[in-house]
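I'm opening my notebook on this one and jotting down what I looked up, entry by entry. Here is what I had on screen.

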Amino acid sequence: MKKGVEYTGEVTSLKFPNKGYVDCGEDGIAIVKGVLPRQHVRFVVSKKRTGYCQGRLKEIVKQSPLEDVTPACPHFGACGGCAYQTMSYDNQLELKKSLVQKILDDAIKNRKVLDKATEEYVDDGRDYEFEGIIGSPNQWAYRNKMEFSFGDEFKDGPLSLGMHKKESFHDIVTVDHCQIVHEDYNKILRYILDYCADKNLPFYHKMRHEGYLRHLLVRRTITTGQIIVGLVTTSEKQYEDILDIEGLKEGLLALDLEADIKGIVHIINDGVADIVRSDETRVVFGDEYIYEEILGLKFKISVFSFFQTNSLGAEVLYEKAREYIGDTKDQVVFDLYSGTGTIAQMVAPVAQKVIGVEIIEEAVEAAKVNADLNNLDNCEFIAGDVLKVIDDIEAKPDMLILDPPRDGINPKALEKIIAYGVDRIVYISCKPTSLARDLAVFQDQGYKVEKACAVDMFPNTVHVETVCLLYKENI
């Protein structure tokens, strides 16, 4: 294969999350992102490496047999958010299940160890129970948070507000008919886009570092029916009067929505990086937080709070985690990478004490507030990096719950976690390849995977959660 040349072939297999191996016959095999098994695709070779090539997808020449439905969303294909809308939900679950199981099988069942007698690598006899995948209660309108970006869909085009265009860093697609959120989101997005466009307010240019409009944050609770809206802009004084935040507020409150707007905030962000953050938060209406309920517990969340984006799916995930956690009576439980303390508070009523560690200070403060809301006095939440903080905790855990970021656990932190020597560990992962890497270390140090289960928290996308139960072998 030659760089810059187009080829056509069939996707013979998929590597998580969406890298396909495309067989082009005598021309060879290339790796192409954004494809599905058994599709026929046309691509151009973008990189050539020793032993393989990378290609950039140009066209789906022939659909996969897995693609058995018409996409429900008019933005599908242009928007970079969803990838699986051409598949029925059953086919989505089956694909995710097979990808996760393959990753775990390679990390657990198919591990090889050196037989000292024969000096050959042999199957070490490990096995585990893979419980398949649990689907989300809702395939559509399941998200409780969205971060929309201001921009244009093409250079110097009209103002747009929505998601990044597929495979694009700059272009923004207006997604005012998005199907993975409630219709309330679409009404709010369309109103704010029209309002700002009518006033000719410029969006913030990421490369030139100038402009005004940056992001729109919307959270809508599933169980309590509350909404908080956050408009993110720079602090450019020349645009504040033009914006007329009070006028914007009145228009938002007049919208015909199913849920109630409980808060509107104006967030100032003058940072250079294209991330959502606050230099200053101004409350325009109501409060800067809303309340959600999961498994009988109440949680106070702001636009910035770390919280599972699929509330009903989170109940499914946490029920499975609670099943794996099992009996914790009279035990000290460490919840490492605890976020806003959802899992810790789920375990607290049936444990002696739960200690949560989380690096994001705001999440820790929220966890403390939520523990008070739920009348839990045996939870302690500590702000800091797990790698550093656990050295200073005097208590020793009887069991561990791990829910690390997407990239998994820092190797040095993993050493300290294993050194506790607890009998049981429940590991919750949002990236199965990171989980597999960490499982290899756990197994080398005497832990065995008893069972695992995938949980689909993100229908129509490539993402999936995995829950894993480990126990220490008596060796």
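**Entry: two helices.** I started with helix H9 (residues 411–419) and helix H10 (residues 432–444), whose axes come within 11 Å and cross at roughly 40 degrees. The axes here are lines fitted to C-alpha atoms, for helices over the stretch in contact, with angles from 0 to 180 degrees between N-to-C directions. Helices (H or I, at least four residues) and strands (E, at least two) are DSSP runs, numbered from the N terminus. I noted the crossing of H9 and H10 as right-handed, meaning that the near helix is turned clockwise from the far one by less than a right angle.

Which residues make the contact? On H9 they are Leu414, Ile417 and Ile418, and on H10 they are Asp438, Val441 and Phe442; contact means heavy atoms within 4.5 Å. I sorted the residues of this contact into five nonpolar, no polar and one charged. Ala, Val, Leu, Ile, Met, Phe, Trp, Tyr, Cys and Pro count as nonpolar, Asp, Glu, Lys and Arg as charged, and the others, Gly among them, as polar.

**Entry: ground rules.** I reminded myself that this is a predicted model, where local features need pLDDT of at least 70, side-chain atom pairs count only at pLDDT 80 or more, and totals for chains, interfaces and linings use all residues. Residues are numbered from 1 along each chain as its sequence is written, and side-chain values use heavy atoms, with hydrogens and water left out.

**Entry: cysteines.** How many disulfides are there? I counted zero, taking a disulfide as a pair of cysteine sulfur atoms within 2.5 Å. Cys24 is in no disulfide, as the nearest cysteine sulfur, that of Cys53, is 9.4 Å away. Cys24 is buried at 10% relative accessibility, and Cys53 is buried at 6%. Buried means under 20% relative accessible area, exposed over 50%, and partly exposed in between (1.4 Å probe, protein chains only).

**Entry: two loops.** I found Val462 in the loop between strand S23 (447–455) and strand S24 (465–472). Is Val462 buried or exposed? Val462 is buried, with a relative accessible area of 11%. Val462 and Phe16 are 446 residues apart along the chain, with their C-alpha atoms separated by 8.2 Å. Leaving out residues up to four places away in sequence, Val462 touches Phe16, Pro17, Asn18, Ala83, Tyr84 and Lys96.

I then followed Asn18, in the loop between strand S1 (6–15) and strand S2 (19–23). Asn18 is buried at 18% relative accessibility. Beyond four places in sequence, the contacts of Asn18 include Val32, Lys33 and Val462.
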